[in-house]
Amino acid sequence: MKNLKIQLVLVMSVIMTTLSYGQTKMVGGAEMSPSKNIIENAVNSKDHTTLVAAVKAADLVETLSSDGPFTVFAPTNAAFGNLPEGTVETLLKPENKKQLQTVLTYHVIAGNFSASDVVAAIKKGNGKAELKTVSGGMVTAMLDGKSVKIKDSKGNVATVTIADVNQSNGVIHVIDTVLLP
């Protein structure tokens, strides 16, 4: 009987941990552990090597490893590849660090906003939600059928391809387009 109680406590503990952190998701061929922070998970995604390199070049690793919480709209390597030729290489140069920081923090919202939070804000805003980014700029969230879209100040529209990748210090939503301030 004592063994059964211990097993039951362990099972309940696992269930509560899963519920409190959310489901583990696969991104870029890697398991994203909800117990790890944004950086600890991102470095394992083969789809986000360009983003990770940019975060390192912009000296934002410590910031995105901190308590947050942060909501990150994380563009894939393919999204960076769709920028005009030479853009990424130019942004990664040390002399362009400030500009790179602005572009990257334009993908970050202070706070932990799940997909359902974003959808609720869109519905409350009659089809659009204005979200202030950490860089100080604004992005507009909207729905296209069941897909969440994020529009930047230049008119580029990103689609959330993987939502609610929970982290210990926030949440990541994978997007297919780089947002530009």
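Q: Buried means under 20% relative accessible area, exposed over 50%, and partly exposed in between (1.4 Å probe, protein chains only). What percentage of the 181 residues in the protein is buried?
A: Buried residues make up 41% of them. This is a predicted model, in which local features need pLDDT of at least 70 and side-chain atom pairs count only at pLDDT 80 or more, while totals for chains, interfaces and linings use all residues. Residues are numbered from 1 along each chain as its sequence is written, and side-chain values use heavy atoms, with hydrogens and water left out.

Q: How many helices and strands are there?
A: The protein has 8 helices and 9 strands.

Q: OK, the core. How many residues are in the largest nonpolar core?
A: There are 27. A nonpolar core here is a set of buried Ala, Val, Leu, Ile, Met, Phe, Trp, Tyr and Cys residues joined through side-chain atoms within 4.5 Å. Val55, Leu64, Val72, Leu104 and Ile172 have the most contacts inside the largest one.

Q: Which elements supply at least two residues of this core?
A: On the helix side, H2 (38-42), H3 (49-57), H5 (77-81), H6 (87-91) and H7 (97-105) do. Strands E2 (30-32), E3 (70-75) and E9 (170-175) do too.

Q: And what is Val72 in contact with?
A: Leaving aside neighbours within four places in sequence, Val72 contacts Ile38, Leu64, His107, Val108, Val171, Ile172 and His173. Contact means heavy atoms within 4.5 Å.

Q: Back to H3. Which of its residues are buried?
A: Leu51, Val52, Ala54 and Val55. They sit on the same side of H3, because they cover an arc of only 160° around the axis; the arc is that of the directions from the helix axis to the C-beta atoms.

Q: What do those buried residues pack against?
A: H2, helix H4 (61-65), E3, H5 and H7. Seen from H7, the buried residues are Leu100, Gln101, Val103, Leu104 and Thr105, and they pack against H3, H6 and strand E4 (108-110).

Q: What volume does the largest pocket have?
A: About 250 Å³. The search runs on a 1 Å grid over the protein atoms alone: a pocket is an open set of points with protein on both sides within 12 Å along at least five of seven lines, a cavity is a set where a 1.4 Å probe fits but cannot get out, and lining residues have an atom within 4 Å of a point. Points are joined across faces, edges and corners, and a volume is the space filled by probe spheres set on the points.

Q: How does the lining divide by class?
A: Into 21 nonpolar, 5 polar and no charged residues. Nonpolar covers Ala, Val, Leu, Ile, Met, Phe, Trp, Tyr, Cys and Pro; charged covers Asp, Glu, Lys and Arg; the others, Gly among them, are polar.

Q: How many cavities of 30 Å³ or more are there?
A: The count comes to 1. About 40 Å³ of space lies in the largest cavity, which is lined by Phe73, Ala115, Val118, Val148, Val160, Ala163 and His173.

Q: Is Val118 buried or exposed?
A: Val118 is buried, with a relative accessible area of 6%. It is in helix H8. Not counting residues up to four places away in sequence, Val118 touches Phe113, Ala141 and Val148.

Q: Backbone, then. Which residues does a cis peptide bond join?
A: Gly68 and Pro69, with omega about 10°. Pro69 is in the loop between H4 and E3. Most peptide bonds are trans, and most residues other than glycine have a negative phi.

Q: Where is Asp59, and what is its phi near?
A: Asp59 is in the loop between H3 and H4. Its phi is near 55°, a positive value in a residue other than glycine.

Q: And where is Asp164 placed?
A: In strand E8. Asp164 also has a positive phi, about 55°, and is partly exposed with a relative accessible area of 22%.

Key: Helix = DSSP H or I, 4+ residues; strand = E, 2+ residues; numbered from the N terminus.
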